[in-house]
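Q: I am new to this structure and would like to learn how to read its features. Please take me through them one at a time.

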Amino acid sequence: MKKEIPLAITFISGFLLIVALFVPHRPFGDLEQRFNDWYIIVAGFTLILGVDSLLAHHWKIIRRRQPGAFHSMALILSFIVTLVWGVWDGLKFGNPFDPASTFLRYFYTYVFVSLQATMFSLLAFFIASAAYRAFRARTSTATLLLVAAALVMLGNVPKGYLAIPPVVAITGLLLAFHFFREGQETAETTMRIVYWGTALVILVLLYPVIQFLYHNLPAVKDWIMNVPHLGAKRGILIGVALGAVAISLRIILGIERTYLR
Amino acid sequence: MSGMDLLFTWIAAGLTLAIFSFLYRDNPFYKFAEHIYVGSAAAYWFIYLWFFDVKPKLIDAWISNTGFERYILIVPAFLSFLMLLRFIPKVAWLSRWAIAFTVGMGAGLGITGAIQGYIVPQVKAGMLPLWTGQWGNSLNYIILVVSTVTTLVYFFFSKEHKGGLGFLAKVGIMFIMIAFGASFGSTIMARISLLIGRLYFLFHDWLHLV
Amino acid sequence: MRNFWEQLGKIDRRIVYLFVFLGASAPLFLHVVPKFKASPEVVQAYQAIDELPAGSVVLFSIDYDAASMPELQPLLEAMLTHVFRKDLKVLMMGHWPLGLPLGQIALEKMAKRYNKKYGEDYVFLGYRPGLAAVILNMGKEIRTVFNVDYKGTPLDSLPLMRNIHNYNDIALLVGFEAGAVGDYWVQFAQARFQQKIILAATAVVWPDLYPYLQAHQIVGLIGGLRGAADYEVLVNQPGSASTGMASQTVVHILIVVFILLGNLGYYFTRTWRKPT
């Protein structure tokens, strides 16, 4: 019984929604609405699952005076202060987020927003340094990734095109140099001509490419976003959607039951 | 600006700097701010649960509804109560009933949304004419179709990527890389924006330098 | 020489941090606002709002929080400016509890600026858990989801709400997205109820939403701080997004330069390591 009833509940609720999609009339349409309404109420309670173990964990650290007890105390204290402050203002104004409440004006605007926003702004530094260290043109696919990222980054800001001439010139010269050396090192004459020819083509095309990118960067960015990027994203997301359908079906049919653990 | 605003601007600035100090290395100031964040966020969920769920949907509804509509509220209230039993180890297994309900609903909604809202319209939109009478347009449409199809081929693992299939998968990975590159470039942009926002707070709202 | 290239390939991360910090702060002090043209997708979104007749209802959904505030908050303010200037009515709700008050703060600020009255010109519905279930049930009757507004006032006692029951009464929905909620809006409100939608997203989420635009599942797409700056230009009210554009430009160029340096270092170190 410990397993059968939950499995039946899952099956009935999931299956009903699928039926209601195809037969939106009575009784399925109404039932769907009713189930959704219950879900809205019950889903709220999943928000607080896990809070108990968080608090218990930190309470344990404080009681045993383990290292970090001071920080755990700060956590529990901030939990209590926030809760009391919010409930107090909620009772006073009907909702703690009333424009006149001090909970909204001080706690939320200054304390909470500052903490959250700054926490995530740290990512700016990490991603910059990650881009510097990870974006190496090791393979042709890695190069495509790098070039697309650079063009989107520069195309997305007003004066990004200013970086185009030096960056593209250095990259082009480096590429030409690379092929020139490859040609030098190879013993085969035909391959040597191919390598040197490539180097020459790069050198010849360098100026027009710079010109083109310099004047059309936003359009190039839009093209990347709207054509190759969009096509691939669509493929990826269709794949993801199919995967979601498969997993959902497994859950409804009771094949996937890890959530019962 | 009142005295309280000033005080809280300084508190906000202090917390901001405490978190930024992590860039140097992990330290007690950062840890302190981090713990305050986690603690207050946890309390925040409780406040939300009460004021945007339990109070309006159960209590207010119980008061304003009559007859059947009132008493049917017992069902979701009971399920919610079961959910809370998770906190009591002896009867925690009963919370599975409520969890089973949310999981089943989630799965049902997931299937209908993915099929009706993504797969069907996107496949439809992906079926583009390969020749529109215009070179530029046609070329774009061809790239769109080819990139979608080859990307799907790349993620098709039921058959080994050899021969023709292997070639298509290789083309697919090229497009996937362009897509990831574009996404990554865009993500960098987002993160930088967040930093600019915080710096603006420090220099403008706090120090009044800019 | 080889040492030089090697060094170029492994600049200390704190030096990168310092450059990012300087690159982002210096332009703020210089007060330069670069000139730029709004992107086509943003113009498309702007027009979708601009075409609405006065009195139409626009529903704003706050699906982000403080973690993406610098990107979406200025955009929200710019769009509210546009909407209130055009005498459109505003409903606001959201799926991200942690960020919902941000929407409310912007709404109250703009309503005050344009002398709008609560209950007549705008209503703040608040939040309900359940995401897709909320979106679906709102398609039938908003009152079944939001029986009361955020303060507990029954919807029927708010004049604006008297004739609003479901998506048929909402001319346009604008979702402010920092996660997957935009997908839910499209997959449920648009796919099932043909709701007209504009998605305004952080630059992280924005690329993933392009397929919806091309498939005409949404009528406009606005992305990141740049999108916000574009909108500020369109409503002719430069704000923090436009101010941030100079910093954004400098840091982007810096990062590209760092990537280039890293690759130069990588290439030459590797070349010189080759046995000759």
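Q: Which helix gives the most to the nonpolar patch?
A: H2(B) does, with four residues. The whole patch covers about 830 Å² of surface and is made by B:Trp50, B:Ile59, B:Trp62, B:Ile63, B:Tyr71, B:Ile74, B:Phe78 and B:Phe81. Helix H2 (28-64) and helix H4 (74-84) of chain B are the elements that give two or more residues to it. Patch residues have over 30% relative accessible area and no salt bridge; nonpolar side chains (Val, Leu, Ile, Met, Phe, Trp, Tyr) are joined within 5 Å, and like charges within 9 Å. Accessible areas come from the Shrake-Rupley method with a 1.4 Å probe, and for residues only the protein chains shown count as cover. Helices (H or I, at least four residues) and strands (E, at least two) are DSSP runs, numbered from the N terminus.

Q: What kind of model is this, and how are residues and chains labelled?
A: The model is predicted, with local features needing pLDDT of at least 70 and side-chain atom pairs pLDDT 80 or more, while totals for chains, interfaces and linings use all residues. Residues are numbered from 1 along each chain as its sequence is written, chains are lettered from A and ligands numbered from 1 in the order in which they are written, and side-chain values use heavy atoms, leaving out hydrogens and water.

Q: Is B:Phe81 buried, partly exposed or exposed?
A: Buried means under 20% relative accessible area, exposed means over 50%, and partly exposed lies in between (1.4 Å probe, protein chains only). B:Phe81, in helix H4 of chain B, has a relative accessible area of 47%, so it is partly exposed. B:Ala100, in helix H5 (residues 95-126) of chain B, is buried because its value is 0%.

Q: Which residues form the positive surface patch?
A: Lys and Arg count as positive and Asp and Glu as negative, with His and the chain ends not counted. A charge is placed at NZ of Lys, CZ of Arg, CG of Asp or CD of Glu. Here the positive patch is formed by A:Arg133, B:Arg25, C:Arg13 and C:Arg14. C:Arg14 belongs to helix H2 (residues 13-30) of chain C, and its 36% relative accessibility makes it partly exposed.

Q: How many salt bridges does the structure hold?
A: Side chains of opposite charge can pair when their charged atoms come close. A salt bridge is a side-chain nitrogen of Lys or Arg within 4 Å of a carboxyl oxygen of Asp or Glu. Over all chains, the structure holds 20. One of them joins A:Asp98 and C:Lys151 (2.9 Å, N to O). This pair crosses between chains, from the loop between helix H4 (69-93) and helix H5 (102-134) of chain A to the loop between helix H7 (142-145) and strand S4 (172-177) of chain C. A:Asp98 is buried at 6%, whereas C:Lys151 is partly exposed at 38%.

Q: Where do the partners C:Asp156 and C:Arg143 lie?
A: Their closest N and O atoms are 3.0 Å apart in a salt bridge. C:Asp156 is in the loop between H7 and S4 of chain C and C:Arg143 in helix H7, 13 residues apart. C:Asp156 is partly exposed at 47%; C:Arg143 is buried at 14%.

Q: What span should helix H6 (residues 140-155) of chain A have?
A: The expected span of a helix is 1.5 Å times one less than its number of residues. For the 16 residues of this helix that gives 22 Å, and its end C-alpha atoms are 22 Å apart, which agrees.
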